[in-house]
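Hi,

Here is the structure I promised to pass on. Have a look first, and my notes follow below.

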Amino acid sequence: MMARPEPKSITFTIDGLEVEAPENAMLVDAAKLGDIEIPVFCYEPKLGNPVGACRMCLVEIEGIPKLQTGCSTPVKDGMVVHTQSERVRTAQQAVVEFLLINHPLDCPVCDKGGECPLQDITFGWGAGSSRFIEPKRHFVKPLELSPLIAIDRERCILCYRCVRFSQEIAEDYQLVLLERGAHSYVSTFDAHPYVAPFSGNIIELCPVGALTSRPYRFRARPWDIEGAGSVCTFCPSQCNVTLTVRDERVLRVLARDHAEVDDGWLCDKGRFAYQSIHVDERITEPLVRDGGELRAVPWERALQEAASALARARGKVAALAGGQSTNEEAFLLARLMREGLGSERIDTLAGVAPAKQHQLARPDLQAKVSDLEFADTVLVLGSEPVDDMPIVDLRIRKGVRRRRVKLALATSRPSSLDRNARLALRYSPGCEGAFLRALALALAGEDCQTPAQAAGAEGEQVRQLAELLRSGGSDVVILYGERMLAQGSAVEGLLRLASMLELSGRDGAGMLAVPAAGANGRGLLEAGFAPGYGPGLQPRPTASDQIDLTAAQLGAHAMAGGLSSGELSAVYLLHADPLESALPRAQWSHALAQASTVIAHASFLTEGVRDHATVVFPAQSYAEKEGTLVHPDGRLQRLRPAIGKQGQTRAEWSVICELAKRCGLDLGVLTGPMASKQLFEAVPFYAALTLEEIGGRGVRWQERDAAAGFPEPPPLEAEEPPAALPSPNGALRLGSFRSIWAATEVRVSPALQFLHPTQRVEMAPADAERLGLAHGETVRVSANDSSVTATVTLRDSTPAGSVFLEEGLGAHSANALAGAMVEVRKA
């Protein structure tokens, strides 16, 4: 492990100016501290060690006879550097002239024109003329490097940035340089399309117009556009982004570097799914069900219909919120439900009891995203980062590659990080609680064979994992999927693990949850949108007619039963469709059908909204929203509107306030910042927080003095012991996962539609051979009286006896099956 570096300053001289800089910083970066620019093409700190390929950064250093590359020369105390000498100027002009020998002068039609480093450097450091009169090199252009990226090989200056990203950052190893000398070009093996979760980053890395975004190609010039900072809400990574806007339309998404959040990278969903903001399928006006059909109506009618229905259902209404809801929206909806409608029935799509989340949300246990890079050991438990929180996948790879972090994986499904791990072990789906019990015994030096077998894991591997955690260093970070908390004794196991590893209060160590509820899952909990909890995780005194109901009886699972039985008559869906989630599909389908009123804030007519909603309010996209979110590590971040409201959309907080007013409750909110102020005052550990303090970089509430206001979790109730694994009896154990691409915004975005998955069943080759199935064959996967159609996908590392199905795919999603054991037969 390489510890987080302690900054040490030195002084050096550059162009006669004394500059103070961190010791061993590269000269290119140190020069900026003296407001001196050294031109570069190949250098990009995010890509790791410099390669000095372009030679554009040559400088003169006293005491060294030859010119040195500024990108690969660390500064030392007393160093004297010259960037404006005749030798340096001549060398830089020669490099520019050499690069332009084969580069086409097509700036007027190049997408990079106006924001191109080659243009800038040619004007600033070039000679202004060329001696080259021979024909230039030509390639067929442009070509589709992938459905998302166009490549113009004539413009390529062979800086290696894209290849290095593929090889060293994403580690997909798809991009290579082929041929030699003047014939070299970037390609993939056998010209296969470059399709990968992070491929779009090479567009932003390219210093010329060789790699361009196909969706953005020829859409705008730099002088036509504006940049607006915001936060992506498509997954819990909450990457900081800059939205390129022209005429109130988002045309492009760029990374906005934040070392504590995204490290300057974006996944392709975050980069290209902005198209979902402007597609024709998007709901941009209120809808009311009339004659069995949803029809567009004026706002006044929609508000009146919704308010009247809520008033009639007073005390018998429930609400679900999805992860794309802001803290303010959740806070105000909770107030409407509790104060205006007399109901405590609110929950998220997580399917996890908030008391369990409370136990693990303690400030002393929280790790930061950057800790994944500098820890001694990282344990990934019950999560696939590339699907659940993609940017974290890159941060873990970076830690292993550059800092020698020891990575261990304990998952039921094979992971893309398996080959990076010191140890990768499997357990049976749904057996996290039993596995943690076995691991605790192994850490204590006791026999863990029996509980390991109960979890479907190998006892020897559990012992090896315990030894790695014991001897791998004191700074341990546990990244766990929050969905595992639904399993018996998982919370108790995680707390015991944290205690045995002494993670509490240790800087650089701790636990980091991947929220089950979506992007703002943690924010919804802290804003008080949870059964039995008010703002700031304060225990909630229940209403008089619900005094005997526990949090479990108020939660999402109980809601479905209440709607089906008639105990509840209305449900409010805020950015939530339970049929698209991991909640039991059949149960919720029946519940929505039985509800007399279903009010939804939605951007698209997903199945539950299309078939069951009585009133639909058009939801804002994150590019239009104003409010705050909470990152999984506790960092509050701010959403700012980048474009005007599309169509007739209105801010969700304003719609909730209007409904509350019509139901007899004045929430006292007239603007978005007023809602934020109410929230900050209601949450003890947000005390004295302001939007200005959050700013553009966010603030971790655990690092503020007000963190002392975090309420102590109540004593942990005895959890059910891990259930014994059911006897297979020829059946297979079912696990589920949600692909990064299984999302509505991917399905409706033209550029990403080719990535939206169809159902596949992942299984071990041995199981497929036993059942007479082949890769790519269509099968029926059934459990009890339910079944789905899927395509067989064989994975060597899938544990025998288990199969895995995707969620979020409509009628053929994993949540359509009722039961832990399934049978797989040819269709």
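The buried residues of helix α22 (residues 652–662) are covered by, among others, α7 (299–312), α8, β25 (570–574), β26 (597–602), β27 (615–618) and α23 (672–682). Contact here means heavy atoms within 4.5 Å. On α22 itself, Glu-652, Trp-653, Val-655, Ile-656, Cys-657, Leu-659 and Ala-660 are buried, i.e. under 20% relative accessible area with a 1.4 Å probe, protein chains only (over 50% would be exposed, in between partly exposed). Just after α22 comes Gly-664, with a positive phi of about 95 degrees. Helices (H or I, at least four residues) and strands (E, at least two) are DSSP runs, numbered from the N terminus.

Before you go further: this is a predicted model, where local features need pLDDT of at least 70 and side-chain atom pairs count only at pLDDT 80 or more, while totals for chains, interfaces and linings use all residues. Residues are numbered from 1 along each chain as its sequence is written, and side-chain values use heavy atoms, with hydrogens and water left out.

Three of those covering strands, β25, β26 and β27, also turn up in an open sheet of seven strands, ordered β15-β14-β27-β26-β25-β16-β17 with mixed pairing. Two strands pair if DSSP finds at least two bridges between them. At the edges sit β15 (293–296) and β17 (346–348), each pairing on one side only. β25 and β26 run parallel and are joined by five bridges; Leu-574 has His-601 in β26 as its bridge partner.

There's another open sheet, with three strands in the order β28-β29-β30 and antiparallel pairing. β28 (627–630) and β30 (699–700) each have a single partner strand, so one side of each lacks a neighbour in the sheet. Four bridges link β28 to β29 (residues 635–639), and Thr-628 stands opposite Arg-638 in β29. Helix α8 (residues 327–340) packs on this sheet and touches β28 and β29.

Finally, a helix pair: the axes of α19 (residues 556–565) and α20 (residues 585–594) come within 8 Å and cross at roughly 45 degrees. Axes are lines fitted to C-alpha atoms, for helices over the stretch in contact, with angles from 0 to 180 degrees between N-to-C directions. The contact involves residues including Met-559 and Leu-563 of α19 and Trp-588 and Ala-591 of α20.

Cheers
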